[in-house]
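Let's take a friendly walk through this structure together. Keep the sequence and the 3D view side by side as you read.

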Amino acid sequence: MADRQPDLTGFDRVIIGAGVRNDKMYKSIRDYLKKNQTDLLTKELAFFLCNSKPKTTAEVILTSIPQSIREVSIEIVSFGGYKPSWVPVKPDNKLKGIQQEKITEFVKKLSR
């Protein structure tokens with residue numbers, strides 16, 4: 001399934017979400033961005049990341065998303081997150097450190 005690429009023809013806006021490992025977005029997403037850069041630049045773009053190191057978010061964005069795509073994106077945000085082994089997971093925290101208020105802000109910004 002990893003070889004299947006979505007057809008963007010019928011879409012005006014594309015929202016891309018990616019996990020982060022070792023301070024980089026997953027390779028399959030980075031490869032997709034490079035391969036489809038020309039098509040993506042014709043769309044309204046927004047990105048969200050789920051990463052456990054807030055201090056490295058800016059670096060992850062710079063190294064993982066091509067500059068031309070970053071420049072035209074409506075929004076690029078990290079929702080946070082953490083590795084369960086780092087922090088004990090409470091029964092009421094099913095999202096493992098994801099900051100729900102950031103998701104709400106992201107949706108509001110894209111709804112304008």
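## Salt bridges

The structure holds 3 salt bridges, each one a side-chain nitrogen of Lys or Arg within 4 Å of a carboxyl oxygen of Asp or Glu. This is a predicted model, in which local features need pLDDT of at least 70 and side-chain atom pairs count only at pLDDT 80 or more, while totals for chains, interfaces and linings use all residues. Residues are numbered from 1 along each chain as its sequence is written, and side-chain values use heavy atoms, with hydrogens and water left out.

One of the salt bridges joins the side chains of E44 and R13, at 2.8 Å from N to O. This pair links distant parts of the chain, with E44 in strand β3 and R13 in strand β1, 31 residues apart. Helices here are DSSP runs of H or I with at least four residues, strands are runs of E with at least two, and both are numbered from the N terminus. E44 is partly exposed at a relative accessible area of 38%, and R13 is partly exposed at 31%. For these labels, buried means under 20% relative accessible area, exposed means over 50%, and partly exposed is in between (1.4 Å probe, protein chains only).

K27 and D31 also meet through their side chains in a salt bridge of 2.8 Å, N to O. Both lie in helix α1, 4 residues apart, about one turn of the helix. D31 is partly exposed, with a relative accessible area of 34%. K109 forms a salt bridge with E75, and their closest N and O atoms are 2.9 Å apart. Because K109 lies in helix α5 (residues 100-111) and E75 in strand β4, the pair ties together parts that are 34 residues apart in sequence. K109 is partly exposed at 34%, whereas E75 is buried at 19%.

## Overall layout

The protein chain contains 5 helices and 4 strands. Starting at the N terminus, its elements follow the order β-β-α-α-β-α-α-β-α. Of the 112 residues in the protein chain, 34% are buried.

Contacts are counted when heavy atoms come within 4.5 Å. Among contacts with a separation of 6 or more, 71% are between residues 24 or more positions apart.

## The sheet

The 4 strands form an open sheet in the order β2-β1-β3-β4, with mixed pairing; two strands pair if DSSP finds at least two bridges between them. β2 and β4 (75-78) stand at the edges with a single partner strand each, so one side of each has no neighbour in the sheet. β1 and β2 run antiparallel and are joined by 2 bridges. The bridge partner of R21 in β2 is K24.

At 25% relative accessibility, F48 counts as partly exposed. F48 and I16 are 32 residues apart in sequence, with their C-alpha atoms 6.5 Å apart in space. Setting aside neighbours within four places in sequence, F48 is in contact with I15, I16, G17, A18, V77, F79 and F106.

## The nonpolar cores

The largest nonpolar core has 17 residues, and those with the most contacts inside it are M25, L33 and L40. Such a core is a set of buried Ala, Val, Leu, Ile, Met, Phe, Trp, Tyr and Cys residues joined through side-chain atoms within 4.5 Å. β1 (13-21), α1 (27-35), β3 (44-50) and α3 (57-64) are the elements that give two or more residues to this core, and β1 gives the most, with 4 residues.

L33 touches I16, M25, L40, F47, S64, I65, P66 and I69, not counting residues up to four places away in sequence. A second, separate core of 5 residues includes A46, F79, F106 and L110.

Which residues of α1 are buried? They are I29, R30, Y32 and L33. Seen down the helix axis, the buried residues of α1 fall within an arc of 160 degrees, so they line one face of the helix; the arc is that of the directions from the helix axis to the C-beta atoms. The cover over the buried residues of α1 includes β1, β2 (24-25), α2 (37-40), β3, α3 and α4 (67-72). On the other side of α1, K27, S28, K34 and K35 are exposed.
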